[in-house]
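Hello,

Here is the structure I said I would pass on. My notes on it follow below.

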Amino acid sequence: RANQKTGGNFHYQYNFVTQNLDPTDNQVRNVGALWGMTLCHQHYVFVRGSSTGDNSSGKNQSEDDDDDDMVQELQDGIDLALEFFMKTLIPGQREGTLLVEYPNSHGLSQTGTNAILAL
């Protein structure tokens, strides 16, 4: 979440030579960052058993608390990013469908953005 903007989208590219964030924006990379966060959340909740009260992992209480904090931070970031993307939805070409109209996309909805958000 360190690279998540207050609006919910992300800084996703850092130039290590100039030590600057790239100011450009890419909707597919932004929704990809959201997808990555959801995969991490899924791993910690379902695979590792964090936030379940199940201590069968053999970890001590401090490690469980760290995992719970990470899961909550991931959840907060996911919620913020979903809120960002929900604001971009417009009616699709067929009744009952929605498409992402990303800010400054000039009315173009990219297939990759819609596909990743649907995951």
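Thr-113 is part of helix α3, which covers residues 111-118. Please keep in mind that this is a predicted model. Thr-113 has a relative accessible area of 0%, so this residue is buried, the cut-off being under 20%. Leaving aside residues up to four places away in sequence, Thr-113 touches Gln-27, Val-28, Val-31, Phe-85 and Val-100.

Helix α1 spans residues 27-47, and its axis runs 8 Å from that of α3, at an angle of about 10 degrees. Angles under 35 degrees count as roughly parallel, so α1 is roughly parallel to α3. On the α1 side, the contact is made by Gln-27, Val-28, Val-31, Gly-32, Leu-34 and Trp-35. On the α3 side, Gly-112, Thr-113, Ile-116 and Leu-117 take part. Sorted by class, the contact of α1 with α3 has six nonpolar residues, four polar ones and no charged ones.

As for the chain as a whole, the secondary structure consists of three helices and four strands. Their order along the sequence is β-β-α-α-β-β-α. The chain has 119 residues, of which 27% count as buried. Taking contacts between residues at least 6 apart in sequence, 50% join residues at least 24 apart.

Regards

Note on methods:
Residues numbered from 1 in each chain as written. Predicted model: local features only at pLDDT ≥ 70, side-chain atom pairs only at ≥ 80, totals over all residues. Heavy atoms only, no water. Helix = DSSP H or I, 4+ residues; strand = E, 2+ residues; numbered from the N terminus. Buried < 20%, exposed > 50% of the residue type's maximum accessible area, 1.4 Å probe, protein only. Contact = heavy atoms within 4.5 Å. Axes fitted to C-alpha atoms, helices over the stretch in contact; angles between N-to-C directions. Parallel < 35°, antiparallel > 145°, perpendicular 65-115°, else oblique. Nonpolar A, V, L, I, M, F, W, Y, C, P; charged D, E, K, R; others polar.
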